Amino acid sequence: MTALLELHGITKTLKGQRTPRTILDGVDLTVESGESVAILGRSGSGKSTLLSLIGLFDRPDGGRYLLGGQDITRLSERRAAALRSAEFGFVFQRFFLLKHLTAAQNVAMALVNGQGWLPRRKRRARTMAALDQVGIAHLAKHRPARLSGGEQQRVAVARALVREPRLLLADEPTGALDTETGNLVIEVMRSATERGCGLILVTHDRDHANKMRRVLRLDDGVLNPATTTPDEAWTPHSAGMQAAPSGAGPTPESAAGVSAPDGADPTREGVPR
Ligand SMILES: Nc1ncnc2c1ncn2[C@@H]1O[C@H](COP(=O)(O)OP(=O)(O)OP(=O)(O)O)[C@@H](O)[C@H]1O
Ligand SMILES: [Mg+2]
C-alpha cells in the first residue's frame, strides 16, 4: 500500500546568518493513513521547522517528499497552497479564531476558500458535523470570548477537520490548555485517525505523545524512535515564554488554511525571523 506521507533524507539549513546552521539533517519519516505519530524534542530542535516543511509552508534544501506516492518536493507556491488547503488540517498552540465570528462561522471559514464551491446548506451541514465530532455542536453560536480555552481549541480542531484532510498537523496544540482539556483535545484528534486521517503531533508532553501509535524524537536534525527517558519537563511555555507576536505572525486565516499563497506560515509561530 502507498504510504500517506514519506520523507526521505530531508535537510534544511538556515542561511542568512553568519554561519549557516543545519536544522534538519536527513529526516526520514513514513506515515500511513490513519496512523498517529508524536514528535518530541528539545526546544529549538527543529520540530516546527519540520512541520512547516510537511505543511508546505516551506521547502527543504534536500531530500524527497512524497504525499500519497506523488513526489511533491518541488511545487510551485500556487500548487503548494492548493494542496495545503485540500490535504492538510492545522492545529496550533494558539487557536487563531476570529473573535467576531461564532464557532460555526470560524469552522465554516475553512470551507470558503477551499477547493470548489459548496452550497450554503452543505457548508452548514459539514460545519455542524465537524463541531459535533469534537463534541461542541451545542456551542455553535458562541463567539470565542464565551468559550473556554479547551472549547476554543476544539473549534480550531473542527476547523482543521471540516475539509476532511488527509493529514492533521498539530504543533503543541495543548500548550495553552490545562491537563484535563489538553487530554480531551488530544483524544479528539486521535479519534480523527480512526476515520483514516493521519496525525502528526508535535508536543513536549510525554503523556500525550504516548497516546500516539508511534513516538519519535527529533535530535541533531534526525528523527529516531523516542527512548523512555522523558526530558521534556521544561518547555519555553511553562517558563512563561509564550510566543511573542511578530509582524509577520500567523493569522486566523492562515491557520484555517485559507491564506493567500504567500500568507504567513502559522507553523513559524514565535520563531524569530
Ligand atoms: N526563519 C527563521 N529565522 C531564524 N531562525 C529560525 C527560523 N526558523 C527557525 N529558526 C531557528 O531554527 C531552530 C529550530 O526552530 P523550531 O521552531 O523548528 O524549533 P522547535 O523544535 O519547534 O522549538 P520549540 O519546541 O521551542 O517550539 C531554532 O533555533 C530557531 O531559532
Ligand atoms: Mg516549535
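The legends below describe close-up views of a predicted model.

View 1. At the β6 end, β6 and β7 run parallel and are joined by five bridges, and here Phe88 stands opposite Leu167 in β7.

**View 2. The hairpin of β9 and β10.** Strand β10 (residues 222–225) pairs with β9 in the antiparallel sense, over four bridges. Asp219 has Val222 in β10 as its bridge partner. The hairpin has two residues between the strands, and Asp220 takes a positive phi near 50 degrees.

**View 3. The four-stranded sheet.** A further open sheet, with antiparallel pairing, has four strands in the order β2-β1-β4-β5. Because β2 and β5 (70–71) stand at the edges with a single partner strand each, one side of each is left without a neighbour in the sheet. Between β1 and strand β4 (residues 62–67) there are five bridges, in the antiparallel sense, and the bridge partner of Thr11 in β4 is Gly62. The strands β1 and β2 also run antiparallel, joined by eight bridges, and the bridge partner of Leu7 in β2 is Leu29. These two strands form a hairpin with six residues between them, in whose turn Gly16 has a positive phi of about 70 degrees.

**View 4. Helix α1 and what covers it.** Helix α1 (residues 47–54) is mostly covered, with eight of its eight residues buried; among them are Lys47, Ser48 and Thr49, as well as Leu50, Leu51 and Leu53. The cover over these buried residues includes strands from each of the views above, among them β1 (5–14), β2 (21–31), β3 (36–40), β7 (167–171), β8 (198–202) and β9 (214–219). The helix lies across β1 and β2, running at about 55 degrees to β2. After α1 comes Leu56, whose phi is positive, near 65 degrees.

**View 5. The packing of α3 against α4.** Helix α3 (residues 103–112) packs with helix α4 (residues 120–133) at an angle of about 115 degrees, their axes lying 9 Å apart, and the crossing of the two helices is right-handed. On the α3 side the contact is made by Ala103, Ala104, Val107, Ala108 and Leu111, which meet Arg123, Arg126, Thr127, Ala130 and Leu131 in α4. Sorted by kind, the residues of this contact divide into seven nonpolar, one polar and two charged.

**View 6. Val107 and the largest nonpolar core.** The largest nonpolar core has 68 residues, and those with the most contacts inside it are Val107, Val157, Leu168, Met189 and Ile200. The largest share of this core, seven residues, comes from α3. With neighbours within four places in sequence left aside, Val107 is in contact with Thr127, Ala130 and Leu131, and also with Val155, Ala158, Arg159 and Val162. In soluble globular proteins, nonpolar side chains tend to be buried together.

Conventions
Residues are numbered from 1 along each chain as its sequence is written. Chains are lettered from A and ligands numbered from 1 in the order in which they are written. This is a predicted model: local features need pLDDT of at least 70, side-chain atom pairs count only at pLDDT 80 or more; totals for chains, interfaces and linings use all residues. A residue is buried if 20 or more other C-beta atoms lie within 10 Å of its own, exposed if 12 or fewer, and partly exposed in between; C-beta atoms are placed from the backbone. Two residues are in contact if their C-beta atoms, placed from the backbone, lie within 7 Å. Two strands pair if DSSP finds at least two bridges between them. Axes are lines fitted to C-alpha atoms, for helices over the stretch in contact, and angles run from 0 to 180 degrees between N-to-C directions. A crossing is left-handed if the near helix is turned anticlockwise from the far one by less than a right angle, and right-handed if clockwise. Ala, Val, Leu, Ile, Met, Phe, Trp, Tyr, Cys and Pro count as nonpolar, Asp, Glu, Lys and Arg as charged, and the others, Gly among them, as polar. A nonpolar core is a set of buried Ala, Val, Leu, Ile, Met, Phe, Trp, Tyr and Cys residues joined through C-beta atoms within 7 Å.
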